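Reader: I am new to reading protein models. Could you take me through the inside of this one, and the parts around it?

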Amino acid sequence: MTETQLVRVCIEYLTMRGHFVWRNNTGATRLSYTNKAGDERYRVLRAGLRGSSDILGITKTGQFLAVECKVGYNKTTDIQNLFLEQIRVRGGLAIVAYDLPDLQKAGL
């Protein structure tokens, strides 16, 4: 299973269980443009908050939810861990899910 497939399965499961969740896309791309002098320039366009989880939402009890999906031997990065910790210290539920049972173990 790929991470994209795991995200899809987790969203379907969480929605079925009554939670309000969505896919949180993040990333960056390099855009090129020509300035008035005719020189080619580049700028980076970022989407989303760097390190934020794959799935965000609100549990059916009203708690903020962040789920970072990983497969195989993939591990969370330092910035992803920081994001998850920020959710936890503010009373939210932050989970790293390698499979559906990880969500079930968290009581979801």
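Author: What follows is a look at the nonpolar core and some residues beside it.

This is a predicted model, where local features need pLDDT of at least 70 and side-chain atom pairs count only at pLDDT 80 or more, while totals for chains, interfaces and linings use all residues. Residues are numbered from 1 along each chain as its sequence is written, and side-chain values use heavy atoms, with hydrogens and water left out.

A nonpolar core is a set of buried Ala, Val, Leu, Ile, Met, Phe, Trp, Tyr and Cys residues joined through side-chain atoms within 4.5 Å. Buried means under 20% relative accessible area, exposed over 50%, and partly exposed in between (1.4 Å probe, protein chains only). The largest such core here has 17 residues, and those with the most contacts inside it are Leu14, Ile55, Leu65, Val67, Cys69, Leu103 and Leu108. At least two residues of this core come from each of helix 1 (3-16), strand 5 (64-69) and strand 6 (93-97). Helices (H or I, at least four residues) and strands (E, at least two) are DSSP runs, numbered from the N terminus. Helix 1 gives the largest share of the core, six residues.

Take Leu103 as an example. Contact means heavy atoms within 4.5 Å. Beyond its neighbours within four places in sequence, Leu103 touches Cys10, Tyr13, Leu14, Val67, Ile95, Ala97 and Leu108. Another core, of six residues, lies apart from the largest one and includes Leu56, Phe83, Leu84 and Ala94.

Next, the cysteines. A disulfide is a pair of cysteine sulfur atoms within 2.5 Å, and the structure holds zero of them. Cys10 is in no disulfide; its nearest cysteine sulfur belongs to Cys69, 4.1 Å away. Cys10 has a relative accessible area of 0%, so Cys10 is buried. Cys69 likewise has a relative accessible area of 0% and is therefore buried.

Leaving aside neighbours within four places in sequence, Asp54 is in contact with Val7, Trp22, Arg23, Asn24, Val67, Glu68 and Cys69. Asp54 sits in the loop between strand 3 (40-47) and strand 4 (55-58). Asp54 counts as buried because its relative accessibility is 12%.

One of those contacts of Asp54 is Trp22, which lies in strand 1 (residues 20-23). Trp22 has a relative accessible area of 34%, so Trp22 is partly exposed.
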